[in-house]
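Biologist: I'm new to this one. Can you put it on screen and walk me through it?

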Amino acid sequence: MLQYLTANPTGGSYTMILMLVAFVAVFYFMILRPESKKKKEAEQLRASLHKGDQITTIGGIEGKIVNIKDDKIVIESGEDMVRLELQKWAVMTNHTAEKDKQRRAAEAKEAAQKAKEERAKAKKERKENEGVR
């Protein structure tokens with residue numbers, strides 16, 4: 001009877017190790033990986049800034065880039081064209097790049113729709129030609 005009451009020490013340690021590995025995996029996929037992905041996208045955004053881009057900073061300032069230095073940018077903001085010098089890391093969004101991305105996506109969608117219509121037309125013509133024979 002005593003042998004049933006004592007715990008098996010090896011079974012418990014395997015379970016504990018398995019739980020620890022599962023916890024680390026969840027932590028990685030839920031926190032670390034998305035954070036590094038965000039950081040990489042932000043670096044890519046800041047590296048792709050060009051003169052003339054419309055941007056918004058993390059402070060909410062909107063303007064157009066007029067000059068780019070190593071790690072700084074100069075933007076014009078407002079109707080009176082106030083110039084501000086900011087750090088590149090302060091850029092949150094690049095509206096010009098987003099518009100270009102949306103335009104390219106719309107063009108790709110349009111091209112796909114056109115190709116689909118052409119395939120349907122060709123299929124219809126093939127069926128008509130087979131019916132004539």
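Modeller: We'll go through the sheet, the salt bridges and a surface patch. Keep in mind that this is a predicted model.

Biologist: Sheet first. What order do the five strands take?

Modeller: The order is β4-β3-β2-β1-β5, in an open sheet with antiparallel pairing.

Biologist: Which strands stand at the edges?

Modeller: β4 (82–87) and β5 (91–94). Each has a single partner strand, so one side of each lacks a neighbour in the sheet. Neighbouring strands are turned by 45° against each other on average, direction ignored.

Biologist: How many bridges join β3 and β4?

Modeller: Six, in the antiparallel sense. Ile-73 stands opposite Leu-86 in β4.

Biologist: New topic. How many salt bridges are there in the whole structure?

Modeller: Five. Lys-69, Lys-72 and Glu-85 are linked in a network of them. Lys-69 and Glu-85 have their closest N and O atoms 3.7 Å apart. That pair links distant parts of the chain, from the loop between β2 and β3 to strand β4. For Lys-72 and Glu-85, N to O is 3.6 Å.

Biologist: Is Glu-85 buried, partly exposed or exposed?

Modeller: Glu-85 is partly exposed, with a relative accessible area of 45%.

Biologist: Where do Asp-100 and Arg-103 lie?

Modeller: Both are in helix α3 (residues 95–132), three residues apart, about one turn of the helix.

Conventions
Residues numbered from 1 in each chain as written. Predicted model: local features only at pLDDT ≥ 70, side-chain atom pairs only at ≥ 80, totals over all residues. Heavy atoms only, no water. Pairing = 2+ DSSP bridges. Helix = DSSP H or I, 4+ residues; strand = E, 2+ residues; numbered from the N terminus. Axes fitted to C-alpha atoms, helices over the stretch in contact; angles between N-to-C directions. Salt bridge = Lys/Arg side-chain N within 4 Å of Asp/Glu carboxyl O. Buried < 20%, exposed > 50% of the residue type's maximum accessible area, 1.4 Å probe, protein only.
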